[in-house]
Amino acid sequence: MARSHWPWLRVLSLRLALMFALVSALLLGVLGLYLYQSLTREIAWRDDQALEGRVERMSMLIGDSDSIEALRKRPQLYANMLGNRDSLLWVLDAAGQPLIEINPTHLPVPTLPPGMGIQLQDMDGNSGAGADPARLAWRQVTYAGNVLTLVAGKRLAEREQMLSAYRLKLWLALCSGSLLAFCLGWMVSQRGLRPVRTLAAQAAAIDVQHLHMRVEDVEQVQELQHLGAALNQMLVRLEDGFGRLSRFSEDLSHEMRTPLNNLMGQTELALRKPRSSDEYQALLASNVEEYERLARMVDNMLFLARAEKPDVVLHREAILLHEAVAQLCDYFEGMAEECGMTLVNEGAGSLAGDPQLLRRALANLIANALRYGSAGGAVRISSKVLDGVTELSVCNQGEPIAPEHLPHLFDRFYRCNPARSQPGDSGGLGLAIVRSIVQMHGGSVRVESNAVQTCFTLCLPSRH
């Protein structure tokens, strides 16, 4: 992810303050625009009403006068009627020549289209009025057989000056309001983010020696409850994983120390004095057994490490359970005869999975059942389907497993009785491998043990 060109934007409180200021500026800008447009329309409406009233009064004044000449002799009357230098007045004859003109700023006589009634028109540079705009109201009347055009106008300079001053005040209010909103937003964000800083400080205080600690006081802020709960759950997983890693390291050291001590002790004993070839052969045979034990342990650890990778690929195929179990029964037939036990194949149906991995999981369970089962008993391998889940069970008769051991049977290097380890066993990793294989297939494992029998069950999705 590319770094920001503005590092200060990575400060959350500044972001919140800026967003608060932008929202306030937008709100104030929309409100100011509405007020400005409303004021502009109101002023324009009032000016139009005043211009129409002047045209009406001029019409009445002309109607009550004896002649135009009499009206032209009373200029003070019109000046008093208009009242300021921004007001304009023309009485034009049929040729467009002014008979009466009140024009303090000396604007040119406007050119107006013919029409009846009072009409309104803007006077700008395009109509020959120069650069000084004005608003006109005009009307044509007939007096003494002559057509006269009465024009009342108002220069817009004063209006524009007033609106310009109003716009300046709006801009000043907008800038001041945005700055004030930024400062208030900064203060509010600093105070509002105080629980986040507290949460960060608590999380920073948790290290390897304090994985038992949890973040607290997050319930007071609703938005931080989910974050606090997620952090606590993560800490629980980390504590559990770190504990399992520590136990794994201890167990691994213990498991590897035994064969290494045997190798070193036997070799040192053999080197103390000359031995016969038969004694050396016996020593080498014993050493080979220890090497094989170490090799199996390394292979199993390597398999578990690979199985935990998220990108592991399964080669799924349709597996006929009865045929797969029959192959395993043939393989373990000799071991079963030595143990005085029989193998019963009750597998049926099919499921989708990796044949090699599932055979390995079942082989580990069958080997355990034969190793710890009672002589003269039977090892039953059965299957059933419940709610789209295929359950593969390996059951044997023998001494029940104590309840305190059941939750830990699938942990690495865990043994109910380490003294009962036998040659050729998996070094306490067989059941851990079984669980890893089942989890790779999206399933789960369980174990049940009582005075009658002990059953290990693999719960696998029938289809994937």
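**Stop 1: a strand residue to start from**

Select leucine 150, which sits in strand E5 (residues 146-155); helices (H or I, at least four residues) and strands (E, at least two) are DSSP runs, numbered from the N terminus. This is a predicted model, so local features need pLDDT of at least 70 and side-chain atom pairs count only at pLDDT 80 or more, while totals for chains, interfaces and linings use all residues. Residues are numbered from 1 along each chain as its sequence is written, and side-chain values use heavy atoms, with hydrogens and water left out.

Leucine 150 is buried, at a relative accessible area of 1%. (Buried means under 20% relative accessible area, exposed over 50%, partly exposed in between, with a 1.4 Å probe and protein chains only.) Now show what surrounds leucine 150: leaving aside neighbours within four places in sequence, its contacts include Val55, Met58, Trp90, Trp138 and Val141. Contact here means heavy atoms within 4.5 Å.

**Stop 2: zoom out**

Colour by secondary structure and you have 11 helices and 12 strands in the chain. The chain has 464 residues, of which 35% count as buried. Among contacts with a separation of 6 or more, 62% are between residues 24 or more positions apart.

**Stop 3: along helix H7**

Select residues 277-307, helix H7: its 31 residues reach 44 Å from first C-alpha to last, close to the 45 Å expected at 1.5 Å a residue. (The expected span is 1.5 Å times one less than the number of residues.) Which residues of H7 are buried? Pick out Leu283, Ser286, Asn287, Glu290, Leu294, Met297, Asn300, Phe303, Leu304 and Ala307. An α-helix has 3.6 residues a turn, so residues three or four places apart point the same way.

Stay on H7 and click glutamate 290. Its relative accessible area is 11%, so glutamate 290 counts as buried. Beyond its neighbours within four places in sequence, glutamate 290 is in contact with Pro259, Asn262 and Leu263.

**Stop 4**

Rings of Phe, Tyr and Trp (its six-membered ring) pair if their centres lie within 6.5 Å; planes under 30 degrees apart count as stacked, over 60 as edge-to-face and the rest as tilted.

Show tyrosine 36 and tyrosine 166, a stacked pair with 6.4 Å from centre to centre and 15° between the planes. Tyrosine 36 belongs to helix H1 (residues 12-64) and tyrosine 166 to helix H4 (residues 157-192), so this pair ties together parts 130 residues apart in sequence. Buried or partly exposed? Tyrosine 36 is buried at 15% relative accessibility, whereas tyrosine 166 is partly exposed at 24%.

Next, bring up phenylalanine 410 and phenylalanine 456: their ring centres are 6.1 Å apart and their planes lie at 80°, so this pair is edge-to-face. Phenylalanine 410 is in the loop between strand E10 (389-396) and helix H11 (430-440), phenylalanine 456 is in strand E12 (residues 454-461), and the two are 46 residues apart. Phenylalanine 410 is buried at 7% relative accessibility, and phenylalanine 456 is buried at 10%.

**Stop 5: the nonpolar core**

(A nonpolar core is a set of buried Ala, Val, Leu, Ile, Met, Phe, Trp, Tyr and Cys residues joined through side-chain atoms within 4.5 Å.) Leucine 458 touches, among others, Ala361, Leu362, Leu365, Val434 and Val438.

**Stop 6: H10 against H11**

Show H10 and H11 together: their axes come within 9 Å and cross at roughly 150°. (Axes are lines fitted to C-alpha atoms, for helices over the stretch in contact, and angles run from 0 to 180 degrees between N-to-C directions.) Residues of H10 including Leu358, Ala361 and Leu365 meet residues of H11 including Leu431, Val434 and Ile437.

**Stop 7: out to a loop**

Finish at aspartate 387, in the loop between E9 and E10. Its phi is near 55°, a positive value in a residue other than glycine. Aspartate 387 is exposed, with a relative accessible area of 81%.

Notes. Expected span 1.5 Å × (residues − 1).
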